[in-house]
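Notebook open, structure loaded. I'm jotting down what I look up as I go.

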Amino acid sequence: MLFIYLLFCSLLFCQETVDGIVAIVGKKPVLHSEVLQQSQIIAAGKNIHPIKNPYAFQKLYESTLNQIINQYIIIDVAEKDTNIIIKDNEIDRVLNERINEFI
């Protein structure tokens, strides 16, 4: 059921924009489809229906875009800074946190 809902929403919003770059961080583009997909997953978890509540979904989309930009900024700075050392257990911890957020 969730898959059908997400598919319907993606088709609805894809009519406006097939895909495009919504931001560029360093040399990495942030695609509309990437932000939209994550926004739809979060919206489904929060019971925000894009059609019934487009204002709330738009705010969620903007928030998701900001989060992705922030992540790309951190990655961009980390790639330039050779003093940053990330241990495997830290990566596992953050990855598990992100998985729990989606669940």
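**Fold.** I read the pattern along the sequence as α-β-β-α-α-α. That makes 4 helices and 2 strands in the chain; they are DSSP runs, numbered from the N terminus, with helices being H or I of at least four residues and strands E of at least two.

**Ground rules.** I'm working with a predicted model, where local features need pLDDT of at least 70 and side-chain atom pairs count only at pLDDT 80 or more, while totals for chains, interfaces and linings use all residues. Residues are numbered from 1 along each chain as its sequence is written, and side-chain values use heavy atoms, with hydrogens and water left out.

**Confidence.** I checked pLDDT, the predictor's confidence in each residue on a scale from 0 to 100. The chain averages 82, and 81% of the residues score at least 70.

**Contacts and surface.** I count a contact as heavy atoms within 4.5 Å. Of the contacts in the chain with a separation of 6 or more, 58% are between residues 24 or more positions apart. The accessible surface of the chain is about 7700 Å², with 61% of that on carbon and sulfur atoms; areas are Shrake-Rupley with a 1.4 Å probe, and for residues only the protein chains shown count as cover.

I looked at burial next: buried means under 20% relative accessible area, exposed over 50%, partly exposed in between (1.4 Å probe, protein chains only). Buried residues make up 22% of the 103 in the chain. A nonpolar core here is a set of buried Ala, Val, Leu, Ile, Met, Phe, Trp, Tyr and Cys residues joined through side-chain atoms within 4.5 Å. The largest one has 13 residues, and V30, V35 and F57 have the most contacts inside it. β1 (21-25), α2 and α3 each supply at least two residues of this core, with α3 giving the most, 6 residues.

**P50.** I found P50 in the loop between α2 (32-45) and α3 (54-80). Is it buried or exposed? P50 counts as buried because its relative accessibility is 5%.

**Nonpolar patch.** I21, I24 and L31 form a nonpolar patch on the surface, with about 280 Å² of accessible area together. Patch residues have over 30% relative accessible area and no salt bridge; like charges are joined within 9 Å, nonpolar side chains (Val, Leu, Ile, Met, Phe, Trp, Tyr) within 5 Å. L31 sits in strand β2 (residues 28-31) and is partly exposed at 33%.

**Salt bridges.** I get 3 of them, each a side-chain nitrogen of Lys or Arg within 4 Å of a carboxyl oxygen of Asp or Glu. R93 pairs with E90 at 2.4 Å, N to O, and with E97, closest N and O atoms also 2.4 Å apart. E101 and R98 meet at 3.4 Å, N to O. E101 is exposed at 57%, whereas R98 is partly exposed at 24%.
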